[in-house]
Amino acid sequence: MAQTRSLIYSILKPWVGLGTYLFFRRIKFEGIDNLPLDRPVIIVANHQNAMLDPLMVCLASKNQLHWLTRADIFRKPSMNWLLRKVNMLPVYRERDRVADLANKNQETFDECYARMKRNAVICIFPEGTHRGKKQLVPLKKGTARMVMGAIDAGIDNLCIVPVGLDYENYYNYRKNLFVKCGQPILINHEPNQTGFDRARAQTDITNKIHDALSAVMINITDDEVYHEIMHLRPLCDSISPSKRLSDQFQFFKNVSARLEKETAHHHFLKQEVNEYHSLMHQLEIREDLFKESLPPFIALFAILAIPIAALAGLFFYPLYALTEKFVAKVVKDPLFRNSIRLCFWTFLTPIWLLLVYALISIFTCSSFIALLTIASLFASGVIALWWRNAWSEFQMHLKCLRYEKSKNTKFANWKLKRNSIIQLINQLK
């Protein structure tokens, strides 16, 4: 019988979910109700941030997901066993240089069809690669072929659900993440009907997936102004009428689409926006931390929580140092850094806490004292995560006050350009 549920998956998902909510500063899932629970589904998602992408899509779904994954990571027997146990299946590419590639992939697809007949949710990244850029690359045809194969296998009531992943930052932690599930694409093709054009049907499916993914993600297609538009993301988030992640996402999506389409603004982007960004770099200002006036509670929290943050820093420093040393020496692709950080902190933290708990229990002869100490240290770590951003905002505010007091000309020029850009954005929204 085809595998549809995994015990290991069920055990890991809540723990990874907890680690994810601590790893990101804010995270929002929207449109989860668009994922059907009682029919076969193929989820297609944009692929921008290495191993974090499949984990985030898994957290968005109430059902267990079954991922099609590049075959090279299945080579070791132990990894092959583990990956299959958590619902992952290999997809072979020409670069894998395996004999009988087509038949091996057909075996994987046949297994997918068997699982879909039991209402499994199959997931795939139709771009076929990942890169840290808010841009949808041309889609591979494999997804459309799978859809047609599913129809051939007699799978009824099939739908495709697009999922868009929008990371505030690909390389740093304690940033925001927005995940949007779009409207299902219903599949009604009947390949045996008279006059059915299979190639045209596959092209039609691929085009529909492309359009559906573009609707749930930031997709800046013009490379000539890509970076200039992306420089505006923190500013758009700052002046968005609503601070909800879904509203900030839609606000920037609308602004970026108009800036890209209306070429009359491209000269402004090349000149004013680049100068704004250059001055910000010279002044060591971060737009996401800049505030015209800092709320008193942020300053108060930043100061009063210093002892708690210091305690957490000392306690968790060995884990942090080990992770960063591994990331610096072993991880070659920068897009994998946050994936490794999340995995290390999620799974090593409980081991570290249990070890310290055991040591305290031995030396104090009291499990209660040990448990209370560990609970306090963990709570201090959570507080320190929020303190880190508050402290950064407090420090940024003090820096800008010093610029204002010294009448720094670069800072004054930066604010002027910032205001002119805000005026343009307000005209476009």
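Reply: H12 and H13 cross in a right-handed sense. In this predicted model, the axes of H12 and helix H13 (residues 337–364) come within 10 Å, and the crossing angle is roughly 145°. On the H12 side, the contact is made by Phe315, Phe316, Pro318, Leu319, Tyr320, Leu322, Thr323, Glu324, Phe326 and Val327. H13 contributes Arg337, Ile340, Arg341, Phe344, Trp345, Leu348, Thr349, Trp352, Leu353 and Val356. By residue class, this contact of H12 with H13 divides into 15 nonpolar, 2 polar and 3 charged.

H12 also packs against H14. Helix H12 covers residues 306–330 and helix H14 residues 367–405; their axes come within 8 Å and cross at roughly 115°. Here the crossing is left-handed. From H12, the residues involved are Ile306, Ile308, Ala309, Leu311, Ala312, Phe315 and Phe316. They meet Leu377, Phe378, Ser380, Gly381, Ile383, Ala384, Trp387 and Trp391 in H14. The contact of H12 with H14 holds 13 nonpolar residues, 2 polar ones and no charged ones.

Next, the nonpolar cores. The largest one has 42 residues, and those with the most contacts inside it are Phe24, Ile43, Met56, Val57, Leu65, Trp67 and Tyr167. Helix H2 (residues 52–60) supplies the largest share of this core, 6 residues. Leaving aside residues up to four places away in sequence, Met56 touches Thr20, Phe24, Ile27, Phe29, Leu165, Tyr167, Leu177 and Leu342.

As for charged pairs, a search of the whole structure gives 23 salt bridges. One of them joins Asp166 to Lys134, with the closest N and O atoms 3.0 Å apart. Asp166 lies in strand E6 (residues 159–167) and Lys134 in the loop between strand E5 (121–124) and helix H5 (142–152), so the pair ties together parts that are 32 residues apart in sequence. Both ends are buried: the relative accessible area is 5% for Asp166 and 3% for Lys134.

Another salt bridge is local. Asp237 pairs with Arg233, the closest N and O atoms being 3.3 Å apart. These two residues are 4 apart in helix H8 (residues 233–239) and therefore separated by about one helical turn. Asp237 and Arg233 are buried.

Glu262 and Arg258 form a salt bridge as well, with their closest N and O atoms at 2.8 Å. Glu262 counts as partly exposed because its relative accessibility is 27%, and Arg258, at 33%, is also partly exposed. Finally, salt bridges link Glu287, Glu292, Glu404, Lys415 and Arg418 in a network. Glu404 falls within H14, which spans residues 367–405.

Methods: Residues numbered from 1 in each chain as written. Predicted model: local features only at pLDDT ≥ 70, side-chain atom pairs only at ≥ 80, totals over all residues. Heavy atoms only, no water. Axes fitted to C-alpha atoms, helices over the stretch in contact; angles between N-to-C directions. Left-handed = near helix turned anticlockwise from the far one by under 90°. Contact = heavy atoms within 4.5 Å. Nonpolar A, V, L, I, M, F, W, Y, C, P; charged D, E, K, R; others polar. Salt bridge = Lys/Arg side-chain N within 4 Å of Asp/Glu carboxyl O. Buried < 20%, exposed > 50% of the residue type's maximum accessible area, 1.4 Å probe, protein only. Core = buried A, V, L, I, M, F, W, Y, C linked by side-chain atoms within 4.5 Å.
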